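Student: I have a structure to work through with you. Can we take it one question at a time?

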Amino acid sequence: MAFVPPSPIYGLSAILLIVAAFAVPIFTLFVKNKRFYDAYAIAFGVFALAISISIARKVFASNAPIIYPFGGWPPPLGIVYEVDMFGAVIGLLISSVMFLIIVYSTWYTERLSGYEWYYTLLLGLEAGMLGVVYTGDIFNLFVMLEVVAISAYGLVAFYRNRPQAVEAAIKYAIVGATATTIYFIATIFIYGSYNTLHMAGIAMRNYGYFHLTFPGMLNYLPGVFYGNMLISACIALALSLWVFTFKAAVFPNHFWLPDAHPEAPAPVSAALSGLVVKVGAYASARFMYTMFGLGSTELLNHGIAHGVPPPRTMFMIALGVMGALSAVIGAIMMGIQRDVKRLLAYSTVNHIGFIYMAMAVGVQGAPRAAIALALAAMVFHMINHSVGKSLLFMSTGAMIKHVGSRDLDKLVGIGKVMPVAGATTVIGALNLLGVPPFAGFLSKYLLYQAFLAVGMPYLAVLVVVASALSLLGYAKLIYMVVSSKPAPVAPGSIKESPVVCGVLIVLAIATVALFAAYPFVLKHVFVVTAQHLIDPRIYISKYYEVMAWMWSSLYGG
Amino acid sequence: MISLTLYYVLMAICGLGSVVAVFLAIVERDMLKAVLFSAIQSTLYAFLYYLLMAPDIVLTYIPVSVGLYPAVILFLIKKTERFEDVEMKKGVLWATGLLSLVFVIATAAVIAGKGIGPVPPPDVRFLAGWYLATTFNPRVHLISAMAPEGVTSIVWDYRGLDTVFETAVLFLAIIASVALMRGVEHKGVYDELKHGMTLIGKTITKIVVPLIIGVGISIALHGHLTPGGGFQGGSALAVAPLLVLVVFSKYFFDKVKFTKTKALAIRSSGLLGVGLTAFAVLIAAIFLHKPAYILQNQPRVGAPLGFPWKGIDGVLLGGSLLSFNACEAMAVCAGFVILFLLLSIPERYVRSVVVGGEEHEH
Amino acid sequence: MSTEVLSFLFSIVFMSMIVNTALALYGVLARPSLVKKIIALTILGDSANTFAIMVGFRQPSGTNPIPPVLLWKPTPSNIRYFISHAVDPLPQALVLTAIVIGLAVTLFLVFLTIQIYRQYGTTDVRKVAKLRG
């Protein structure tokens, strides 16, 4: 049976968003109406959301990844998108939160000069993030990381009249540019040794799937590595994990985040803190599980010498320690902030710490079911943090815009004049703190359970300790809203925008809905996703199937 | 074997020379000299790329790293500071420099002596063999890019998605710069005698500019046949407006009414051309009710449509590569013009808009 | 004998790129001037690119390698010669992408640095940090 090209929908989202961004400067020539650009951005936000939904439905219905070979090149020649459950879930998260951020931006950009450029960069940011999670090619990942990065630098520097914003942007950009260059070197190491750039191809070699030969005259998998595979794999992993922990702002690579995230416009802060850091976490998990996962090459998992843990385990320990330190340091730093956006930025460092702690338990020897539980908790926590953090940045953004200050003391009593933003701020804070009936409680509880199950009770204790430490920071936020002190502005002088209220309420409902749907989503979404992430056999075999099918159709098979 | 040894000796000299140039560029306090050392390093690298059989990279690298980078950084130094305020001991510096050279030679000896096999290897990697076998091979049309230039084929066909997004990064960088300078509008009246260089300079430029444009266009449009391509052609083309800007001054652009907005529109048209080429086969296929892929060039497995690759008289057209290269060259050139126009606005006008003011959250 | 000499000379270029990368990293991370950081960043990117191209280089026994451009008619024997003599085109294509990306980021950094100078009157990151307080 000849190969039938898959529906172009599966490869469309990132490239369509970027072409939409390309067109904006032409429209600026003859359309001056801001409403046009609002509608334009929303339309493409909806489009990306619709595609993400259809991808997620397809992946979960067929229980296998989707593969889209660009240009019709049979792998390993071209670039493929390979979307598995993990990618589909995070992609859906990105496009839905970005949609709300775009809607919120229509209010936020009123009286903002340069909104057309703002929307262009925002579309670029979304295209880049979707590309990162959908791609199945490590060099394409590099390009997409740069798309994310350059949009983020531009958006952080958007208030160019504020010296602090420009300084935060340049700090972020210089280290970010260094980091991506280092990732480029890592991809060259991998290409040099593995002779492919496809994630599934690399996984295939790491898992020793050399017996999969092609029926017929061609064999695309010469069972050799070039040079010393252990050394290049270790160098490539060390370099790329450093880059991803920088993107994800894990201690000690978090130094840029408390400056960059607060200085951006509020919806951009929501996107950066809620989503962009997750892209780093996503890439780390993709490398450590799909490509260099459990049970991959003997050398990576069985140790170099007696008594020395194998390299992969050492990488995991490093990630775990960095995650634990981030969780604690982020929580402590939250408590001493006076600037509300800086407080939220440190909260991101805290939560990214939890995510990396969960990621790091998957070492050789740990029970698989427990690792699956930890990864399910990781995915769930990524979602909860995205929803909660974007909610908080947008609700406080509305307050800051009305009051004209980011100082917690000057915002005290705001709940009386802005009831919706106030109430949703409280919900967001409780969600991130981990209080029922909000989903943040469940993901933290799941983390706790998973750490106990995997036999690392000290990590479980650490989750509780770090959460307790973060209480002070969240208490400040809640006090800011509910305090009985007089409001910072005259009562009745602020009219909350219905657009903003709508976005905030949707996000607040999401936190409760995820709580209510917990038994269902845990079983049918998070645990399945985690199982597919731990065991990449389906990821590899689907890729192999497409590859074999395309090549055999080519030769009249 | 002598000529081969000489060939490698030249490579080693380029390598060691670049270490010296990089060392001097990094420790130099005077930024003008640092740019000069960096340009020397770039020249050595360009020569190295030539020796490493990478003519495409040479063609990219010379306009970018030897031409445009130093020009932009000189703009930067002119607008900011020339000296770096840092004290370093001369002795320590020279010791570090010598040590790095010794390190290079010693480790190279260790690598070569240990016998990890011949470096460089006699064969390319397996995957590379496939690219070489299929870049232009009419006998296997269904997996051939049908363009003899291996690198351009990979850039726009095999890995076209990377290139579309690479273009996007440049686009977003320009948009971010335009956003940084939003609201800055400055126009002046061009005065033939007052602005720019002497009449001789202007006359020479009038002769040289069409030549540069011709070279740029030919680099771009022959990209599928010979080393070169859209980006290389576009950055070579950009040297022409840069020259006009330096010799005739910015006000000449005001006189001919070539504004940043117009350049942005040209740039976007080029980029939309890139986008349209990426979807062309797919769109045609939807109308003809046939299957197709995004970024498809030639007919592929299960997708029978494709760009024409051969003209009536046997001229190689390169399929989508030609269209990509033409649109990309237009976009890249216009992009540089935007940046040069922004950089050439006098500082006092810029400052009045982008410094101070109340344009932020509070 | 001669293979070792060639290996040694080629390794010199490899190690030079590693040293250049190290020097450039020092320049980006430790030097105070933003202009210097940008220059160092371009050197870092160039050295990484050279490294990539070297990974794709080959030395067919006895003869010179050729660029990955098929200059003759695509007959089977010509293509066979091409496959056995041309260098790897993939790293070159990746480098082309990386050069454009590096250029884009550098251009934006130049604009940001000028903006820093407009606001702080210096391009020295230590002085900027002090002024910001």
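Student: In which helix do K34(A) and D38(A) both lie?
Tutor: This is a predicted model, where local features need pLDDT of at least 70, side-chain atom pairs count only at pLDDT 80 or more, and totals for chains, interfaces and linings use all residues. Residues are numbered from 1 along each chain as its sequence is written, chains are lettered from A and ligands numbered from 1 in the order in which they are written, and side-chain values use heavy atoms, with hydrogens and water left out. K34(A) and D38(A) are 4 residues apart, about one turn of the helix. Helices (H or I, at least four residues) and strands (E, at least two) are DSSP runs, numbered from the N terminus, and the one that holds both residues is helix 2 (residues 34-62) of chain A.

Student: How far apart are the closest N and O atoms of K34(A) and D38(A)?
Tutor: The two residues form a salt bridge. That term means a side-chain nitrogen of Lys or Arg within 4 Å of a carboxyl oxygen of Asp or Glu. Here the closest N and O atoms are 3.0 Å apart.

Student: Where in chain A is R111(A), the non-glycine residue with a positive phi?
Tutor: Most residues other than glycine have a negative phi. R111(A) is not a glycine, yet its phi is positive, about 60 degrees. Its place is the loop between helix 3 (85-108) and helix 4 (115-134) of chain A.

Student: What is omega for the bond that joins P436(A) and P437(A)?
Tutor: P437(A) is in the loop between helix 16 (419-433) and helix 17 (439-453) of chain A. The bond that joins P436(A) and P437(A) is cis, and omega is about 5 degrees.

Student: Now chain B. How many helices does its secondary structure come to?
Tutor: The C-alpha atoms of chain B fill a box of roughly 60 × 60 × 55 Å, taken along the principal axes. Chain B has 0 strands. Its helices come to 13.

Student: Which helix gives the largest share of the nonpolar patch on chain B?
Tutor: A patch is made of residues with over 30% relative accessible area and no salt bridge: like charges are joined within 9 Å, nonpolar side chains (Val, Leu, Ile, Met, Phe, Trp, Tyr) within 5 Å. L6(B), V9(B), L10(B), I13(B), F47(B) and Y50(B) form this one, with about 550 Å² of accessible area together (Shrake-Rupley method, 1.4 Å probe; for residues, only the protein chains shown count as cover). Helix 1 (2-27) and helix 2 (31-51) of chain B each supply at least two of its residues. The largest share, 4 residues, comes from helix 1 of chain B.

Student: How much area is buried between chain B and chain A?
Tutor: Contact means heavy atoms within 4.5 Å, and here it takes 61 residues from chain B and 75 residues from chain A. Buried area is the accessible area (1.4 Å probe) that two parts lose on being put together, summed over both. Carbon and sulfur atoms give 72% of it, and the area is about 6100 Å².

Student: Which side chains meet in the salt bridge between chain B and chain A?
Tutor: The rule finds 1 salt bridge across this interface. Its N to O distance is 2.7 Å, and the side chains are those of D137(A) and R159(B).

Student: How many salt bridges cross the interface of chain B and chain C?
Tutor: This contact takes 108 residues from chain B and 93 residues from chain C. The buried area is about 8900 Å², with 75% from carbon and sulfur atoms. One of the salt bridges joins K127(C) and D85(B) at 3.6 Å, N to O. The rule finds 5.

Student: Which helix of chain B gives the most to the side that touches chain C?
Tutor: One helix supplies 16 residues to that side. The name is helix 1 of chain B.
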